[in-house]
Amino acid sequence: MYNSKIIGLGKYVPDNVVTNKDLSKLMDTSDEWIQERTGIKERRWVKDGDGDTTATMGVKAGKQAIERAGIDKDDIDFIIFATLSPDMYFPGPGVQVQHALDIKTVGALDVRNQCSGFVYAISVADNFIKTGMYKNVLVIGSELHSHGLDKTTRGRGVSVIFGDGAGAAVLTREENTSKGILSTHLHSQGEHAEELVVKAPGMGTRWVTDILEENDDNDESYFPYMNGQFVFKNAVVRFSEVIMEGLMKNNLKKEDIDMLIPHQANLRIAQFIQRKFDLSDDQVFNNIQNYGNTTAASIPIALTEAWEEGKVKEGDTVVLAAFGSGFTWGSVIIKW
């Protein structure tokens, strides 16, 4: 039995910066209104014609992670791609990454767990490596939200939150089981699935033929819906629970956390968790102010930046935690 460890990290965000002031020209909102509710100052949105897609952004982040891992692309045994915004309804972007990076015909798995997607994907990769099935796994979280948002006053409660970008990690085999990923913890509560949802197109609700036939400008089923207060209240509870679950599993205390990387959903959620666990600003990494909520990409982008800035070091206890649509949530405990 092995552990897995992260040996390479990468990220990519579009060049196009969209500020809160920019959004105020599209909808009835303001910089003050957005910052007060979310902590977001700006986000990156793909610009038409730039060529960025969910898959191509994932490729760029993945390539950087492989280079930093110091391995050859053909050393990758498996690819896991987490996203809610694939380039195509099917197939998923995992196979696009395999082709674009010219990696040999390894398996490519797509994970559809939205904001918890990267944590779920890391858990899958960890267990593949633990069992000895694979040695090097490329895990990507990538999202292109901006093309699917309602950029009018009607959609401001959701559209101001989300940004585009990608992050990636290369996991490899670690024989020292006191290092690397110590444990992962995953949960779901499907009874609340429709509290944060995009309903269409979907086989069980409204399919493409319905949308085309009705041609209804007021149809909001293919735009994201979020019951913001309900999501917030559940998130702060589940974040706390799943972080404690991971710490207890490894006989750790909250004082042992060197770095917490929470999913960048809302700065107010992260600050609530920080206060609850009595963590200093140096023990929590947030970058939602600059990128907004990039869903499955948020944790790998933040983890990459924290590592680049020297805030994640060898020997550190690092905690990743996420909560999102589904409801799904999870945590990863790492001895770096």
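**Exercise 1. Salt bridges**

Task: State how many salt bridges a search of the whole structure finds, and describe the one between Lys-60 and Asp-52.

Solution. 
Step 1. The search of the whole structure, which is a predicted model, gives 13 salt bridges.
Step 2. In one of the pairs, the side chains of Lys-60 and Asp-52 meet with an N to O distance of 3.1 Å. A salt bridge requires such a distance to be within 4 Å.
Step 3. Asp-52 has a relative accessible area of 6% and is therefore buried, since buried means under 20%. Lys-60, with 39%, is partly exposed.

**Exercise 2. A network of charges**

Solution. 
Step 1. Lys-73 forms a salt bridge with Asp-74, and their closest N and O atoms are 3.2 Å apart.
Step 2. The side chain of Lys-73 also meets that of Asp-102, at 3.9 Å from N to O. This second pair links distant parts of the chain: Lys-73 is in the loop between H3 and E4, Asp-102 is in the loop between H4 and E5, and 29 residues separate them.
Step 3. Lys-73 is partly exposed at 28%, Asp-74 is partly exposed at 31%, and Asp-102 is exposed at 55%.

**Exercise 3. Backbone exceptions**

Task: Then examine the phi values of Gln-114 and Asn-251.

Solution. 
Step 1. Most peptide bonds are trans, and most residues other than glycine have a negative phi.
Step 2. Gln-114, although not a glycine, has a positive phi of about 50°. Its loop runs between strand E5 (107–111) and helix H5 (117–130), and its relative accessibility of 16% makes Gln-114 buried.
Step 3. Asn-251 has a positive phi near 55°. This residue lies between helix H8 (228–249) and strand E11 (259–262); at 72%, Asn-251 is exposed.

**Exercise 4. Surface patches**

Task: Name the residues that form the negative patch and the nonpolar patch on the surface.

Solution. 
Step 1. The negative patch consists of Glu-255, Asp-256, Asp-258 and Asp-278. Asp-278 is in the loop between helix H9 (267–276) and helix H10 (288–291) and counts as exposed, at 64% relative accessibility.
Step 2. The nonpolar patch is formed by Tyr-89, Phe-90 and Met-203, which together have about 450 Å² of accessible area. Met-203 is exposed at 66%.

**Exercise 5. The overall form**

Task: Decide whether the radius of gyration agrees or disagrees with that of a compact globule.

Solution. 
Step 1. For 336 residues, a compact globule would have a radius near 20 Å.
Step 2. The protein has 19 Å, which agrees.
Step 3. Buried residues make up 54% of the 336 residues, and the secondary structure comprises 11 helices and 13 strands.

How values were computed. Residues numbered from 1 in each chain as written. Predicted model: local features only at pLDDT ≥ 70, side-chain atom pairs only at ≥ 80, totals over all residues. Heavy atoms only, no water. Patch = residues over 30% accessible without salt bridge, like charges linked within 9 Å, V, L, I, M, F, W, Y side chains within 5 Å. Areas by Shrake-Rupley, 256 points an atom, 1.4 Å probe, with all protein chains shown as cover. Lys, Arg positive; Asp, Glu negative; His and termini not counted. Charge placed at Lys NZ, Arg CZ, Asp CG, Glu CD. Helix = DSSP H or I, 4+ residues; strand = E, 2+ residues; numbered from the N terminus. Buried < 20%, exposed > 50% of the residue type's maximum accessible area, 1.4 Å probe, protein only. Rg over C-alpha atoms; globule rule 2.2 N^0.38 Å.
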